[in-house]
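Hi everyone, thanks for coming. Let's look at this one together, and please stop me whenever a word is new to you.

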Amino acid sequence: MPAANPAPWPRLWPDDFMRFSRLIEKRTGIRFEKRRTRQLAQGLYEAAARAGCEELDTFYNRLNSTASSSDAWNDLMAGLTVGETYFFRDTGQMMALKKHILPAIIEKNRDKKTLRLWSAGCATGEEPFTLAILLCEILPDIARWDISILATDINIKVLNLARQGRFREWSFRETSPDIRRRYFTAGQGGHLLVPRIRDMVHFAQLNLMESTYPSPVSRTQAQDLILCRNVVIYFAATLQPRVMDSLARCLGPDGWLLLSAAESAGLVIPGLKPQVFEGAVVYRKKESSFMQSLQKSSPGKESSRPSPARPAPGNRPSKPFAAGLPQNHQSPKEAAPQAAAPVQAHWDKAPAQELFEQCEKALAENPLCPQSHFTLGLLHAERGRAKEAIRCFKQALYADKDFVMAHVSLMQAFAGEDQKELALRHAKLAAGILAAMNPRTPIPGASGETADTLLHFIDACTTRKAL
Ligand SMILES: C[S@@+](CC[C@H](N)C(=O)[O-])C[C@H]1O[C@@H](n2cnc3c(N)ncnc32)[C@H](O)[C@@H]1O
């Protein structure tokens, strides 16, 4: 019997399989099981040849020493990733989106008229364009809305195809003739998406294994809805929780996350609540108690301006300042004033008068104690004395210009006084400090809330024009 045609590329030795699959998993999350050795070998030898590397060793060193967004990685990932996708994929989820999820988001944001949607792992764009089409279908006054649809992928080749908005017949296997007729025109080499839909989506490269999200820089923060379907299913199981956690942190208050059915099966995502619709399980962000207390302090749901930071009696931040400081907190000014310590210890229990006295005493000993000024500010705000509160929060900032919660409190206090410009100024200053921090750093005075949740909160206040 004649021998079967040998593969056109040499075989991949077990050592090579191990080191390349480990490197790829570390950089991209994608796991190659032994049974996919042939696919990995083909992808590697072809990409190595295109990169001008005769030996796999040279190619390994190239990959290992360059960023995951380098040409070598881009080219390799174009050959190794599975880009299978089509419009209106998963009928159950599409119905849930059209009938429940998008209408709920629209209702919630109707006053501000902004929507933030993200398709993570968008491949050739059918998924984000489906979102754009759905919005056009259900939002009669769409022209009056400020809509951001972000679509990202690790594979730059598919992103370039997506930007063209040209699709093959295979992409339409779940699309009704009516939608095809209204949103596509027959063109050379495929069906062309009408420009008004094509222009609704912003494509960008983003590797879900990197810590570039959530962030205002990648425009991934404060999302109303994230679709990340059929992506982490290719990842090593141990890496999936990290991605889920980061995606959850990209959601704004009440935000929604959709995975594929296989990816959601039995999955628990901390901070998100599963919600069941006919034919779809989706996840929804639970509000943290701190954010709720901040939002509750707003004059009313209908009002577009929050009141000054005013922890309700019995609902004060449990640790108004240094007690919650991380060990490595850098501010010498915060480390210095030991006099504030008794105030921290008693915040939960002490009557307001006692706290006032403790702060005054601490300030008599150290007039530059930022925490004491801040606590006095909270006590004034609690009593509706906005002007005094503002004065105290400002004093806290004179003592420590990077005191984030003083900026946040000023943002709210100025918003409550209808001084929008000043409120925005402090929102920006707080966001600038938070964006430069490790997202998981607990923020002093914020009851254990971390840099990124506070950033979400500020972003939600500003992007939704709540200030
Ligand atoms: C099967 S497609 C899914 C497309 C679409 N979400 C859907 O469900 O129809 C998977 C996509 O995930 C992308 N991907 C794989 N690893 C990724 C990573 N680490 N970061 C971002 N995207 C990744 C691939 O390039 C591919 O385009």
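Let me begin with a definition: an axis here is a line fitted to C-alpha atoms, for helices over the stretch in contact, and angles run from 0 to 180 degrees between N-to-C directions. Helices (H or I, at least four residues) and strands (E, at least two) are DSSP runs, numbered from the N terminus. What you see is a predicted model, where local features need pLDDT of at least 70, side-chain atom pairs count only at pLDDT 80 or more, and totals for chains, interfaces and linings use all residues. Residues are numbered from 1 along each chain as its sequence is written.

Now the first pair. At what angle do H16 and H18 pack? Helix H16 (residues 370-382) packs against helix H18 (residues 404-416) at about 25°, and their axes are 11 Å apart. So H16 is roughly parallel to H18; angles under 35 degrees count as roughly parallel, over 145 as roughly antiparallel, 65 to 115 as roughly perpendicular and the rest as oblique. H16 passes H18 in a left-handed crossing, meaning that the near helix is turned anticlockwise from the far one by less than a right angle; clockwise would be right-handed.

Who touches whom? From H16, Phe374, Gly377 and Ala381 meet Met405, Ala406, Ser409 and Ala413 of H18. Contact here asks that the C-beta atoms, placed from the backbone, lie within 7 Å. This contact has five nonpolar residues, two polar and no charged. For those classes, Ala, Val, Leu, Ile, Met, Phe, Trp, Tyr, Cys and Pro count as nonpolar, Asp, Glu, Lys and Arg as charged, and the others, Gly among them, as polar.

Stay with H18, please. H18 also packs with helix H19 (residues 420-435), at an angle of about 160° and with axes 8 Å apart. H18 is therefore roughly antiparallel to H19. The crossing of H18 and H19 is left-handed. Residues in this contact include Val404, Met411 and Phe414 of H18, and Leu422, His426 and Ile433 of H19. By class, the contact of H18 with H19 has 13 nonpolar residues, two polar and no charged.

Next, helix H1 (residues 14-28) and helix H3 (residues 56-65), which pack at about 20° with their axes 11 Å apart. That makes H1 roughly parallel to H3. Asp16, Arg19, Phe20 and Leu23 of H1 meet Leu56, Tyr60, Leu63 and Asn64 of H3. Here the classes are five nonpolar, one polar and two charged.

On to the ligand. Which residues come nearest to the ligand? Of the 23 around it, they are Thr81, Thr85, Gly121, Ala123 and Leu208, where being near means a C-beta atom, placed from the backbone, within 6 Å. The shell divides into nine nonpolar, nine polar and five charged residues.

Finally, two backbone details. Most residues other than glycine have a negative phi, and most peptide bonds are trans. Asp90, in the loop between helix H4 (71-80) and helix H5 (91-108), has a positive phi of about 75° although it is not a glycine. The peptide bond from Tyr213 to Pro214 is cis, with omega near 0°. Pro214 sits in the loop between strand S6 (201-205) and strand S7 (223-227).

Definitions and conventions. Contact = placed C-beta atoms within 7 Å.
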